[in-house]
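Subject: A structure for you to look at

Dear colleague,

Please find below the structure that I promised to pass on, followed by notes on what was found in it.

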Amino acid sequence: MTLKQGYKNQGEHNPVMTQRFGADPYAMVYDGRVYLYMTGDTFVRDEQGTVMENVYSQIDTISVISSEDLVNWTDHGTVYAAGSSGAAKWGRNSWAPAAVCKEIDGAMKFFLYFANGGNGIAVLEADSPVGPFIDRLGKPLISRQTPTCSEVTWLFDPAVLVDDDGEAYIYFGGGIPDADKAANPGTARVARLGRDMQSLMGDPVVIADVPYLFEDSGINKIGGKYYYTYCSNFSIPDDQVQSLGFDKGEIMVMTGEHPMGPFELVGPILKNPGWFFGLEGNNHHCMFCFMGQWYMAYHTRILEERMGILQNYRSTSIDAVQVDTHGQINMIQATRAGVAQTKPFDPYRTNKAVTMASMGGVATTQYSERAVCCGSGEMILTGISDGSWIHLSNVDFGEKTAQRLEMTVRGTAGGYAKVYLDSPQGEEVCSVELVPKDAQRLTTCAVSINRQIQGIHDLWFVFVGEGYEVYDWRFV
């Protein structure tokens, strides 16, 4: 049987998701997991069905995935953020999300900020990292009418910091108002957020003297200092690159002693994706700390390249960040290999089938009624046909004897899941006959194994047949 095409070689962890695109990543760490929120790049096609260049104007969803090990990612769907079907129906677009959580009145709340194109910033609220998200304001949090914001060229790209004292701040803006202002555009802003995370405490203020600002605000606190990061613009004169110490479309860092500045330039920390992969584009990032290690999430065009489509569709990757004892961030290397897995994967718990390190010939879709309505939440593996597959990395079977494998499915037809260790050409563990009894309700299918599988292996599920969807699985 011929396997469906995958878009990562074995051992490659970037991009983190290949079942769809996801740009402008923003990471939130909560309850032992990293949640990534990404602009929902989707194909734009002409009347003949040919993929056209990404124009961004149709984007109104935000993709959400999460992981406890940074290699195996669970798909939580796409938040219907803007547009007629979105939470913020007054908005047309949902670009460049930022997400944070904060305890308010004894309950943990989750806030999702995004740009309505280049003309304002929305905020949504939820009781869960994956929604459903609601728009309590019913209008922009920040708009052209917000003081100090009417002159901001691009009123977008939010980043949010909740400081150690519970105070919160939002950073945004970008663009070049005039060609003669390219060296110091003056379009970056910062404002203090209200306790409810959905109001401003005072007017936004200018983040002063941000050299060659383009877009892409970022904010982190490391060792008591505040690190403001951004993407440099594309107006840097070629003959000044050496003297400046940075080039076009690079992620830059400035540091300060207060969350609202002033900030002082330190220098570049991540070159444009074109430097690493030969495919230039805008550079959008987010730094986050997980299990004591700093990481950089950023987007590239390497997924569309593997698909043979070069039309500026972006996907998210992650690589490690090294911070020295003086708080200096070393230059970050963008790679296809990505990061080391932080912990082994447990096959003896119930695992969602939409959790994967890589895949070929499958898709995901909303499962629960709430997810169908709001876009994000419970998901199910779909689009299966002969040769479809998913792959899990570093699955730890320990020293137990696996008695059987259980898989939960629904559908109108059936097939098999063949399970292999280490590669699709590796040792076959078992073959599970998948015979759903209902197109809507789940059916549990199982196969006896009664053998010991020792140690850590990559795990592959290769599917046969079609007309069914897979919800979860576990070894017992």
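For sorting residues by class, Ala, Val, Leu, Ile, Met, Phe, Trp, Tyr, Cys and Pro count as nonpolar, Asp, Glu, Lys and Arg as charged, and the others, Gly among them, as polar. Please bear in mind that this is a predicted model, in which local features need pLDDT of at least 70 and side-chain atom pairs count only at pLDDT 80 or more, while totals for chains, interfaces and linings use all residues. Residues are numbered from 1 along each chain as its sequence is written, and side-chain values use heavy atoms, with hydrogens and water left out.

Pockets

Grid points are joined across faces, edges and corners, and a volume is the space filled by probe spheres set on the points.

The largest pocket has a volume of about 540 Å³, and among its 25 lining residues Ala-27, Val-100, Val-160, Leu-161 and Asn-220 lie nearest its centre. Sorted by class, this lining holds 17 nonpolar, five polar and three charged residues.

The second largest pocket has a volume of about 280 Å³; it is lined by 16 residues, and Gln-19, Arg-20, Phe-21, Phe-43 and Met-307 are the closest to its centre. In the lining of the second largest pocket there are six nonpolar, eight polar and two charged residues.

Two residues in strands

Strands (E, at least two residues) are DSSP runs, numbered from the N terminus. Val-64 belongs to strand S5, which covers residues 61-67, and Val-64 is buried, with a relative accessible area of 0%, where buried means under 20%, exposed over 50% and partly exposed in between (1.4 Å probe, protein chains only). Setting aside neighbours within four places in sequence, Val-64 is in contact (heavy atoms within 4.5 Å) with several residues, including Arg-20, Leu-36, Tyr-37 and Val-130.

Thr-382 sits in strand S25, residues 379-382, and is likewise buried, at a relative accessible area of 18%. Its side chain makes a polar contact of 2.8 Å with the side chain of Glu-469; a polar contact is a pair of N or O atoms within 3.5 Å, and within protein one must be able to donate a hydrogen and the other to accept it, while residues adjacent in sequence count only if both atoms are side-chain atoms.

Backbone details

Which peptide bond ending at Pro-15 is cis? The bond from Asn-14 to Pro-15 is cis, with omega near -5°, and Pro-15 is placed in the segment before strand S1 (23-30). The bond from Gly-261 to Pro-262 is also cis, with omega near 10°, and Pro-262 is found in the loop between strand S16 (251-256) and strand S17 (264-270).

Tyr-56 has a phi near 70°, a positive value in a residue other than glycine, and counts as partly exposed at 27% relative accessibility. Met-291, with a positive phi near 55°, is in the loop between strand S18 (285-290) and strand S19 (293-300), and Met-291 is exposed, with a relative accessible area of 55%.

With best wishes

Notes:
Helices (H or I, at least four residues) and strands (E, at least two) are DSSP runs, numbered from the N terminus. On a 1 Å grid over the protein atoms alone, a cavity is a set of points where a 1.4 Å probe fits but cannot get out, and a pocket is an open set with protein on both sides within 12 Å along at least five of seven lines; lining residues have an atom within 4 Å of a point.
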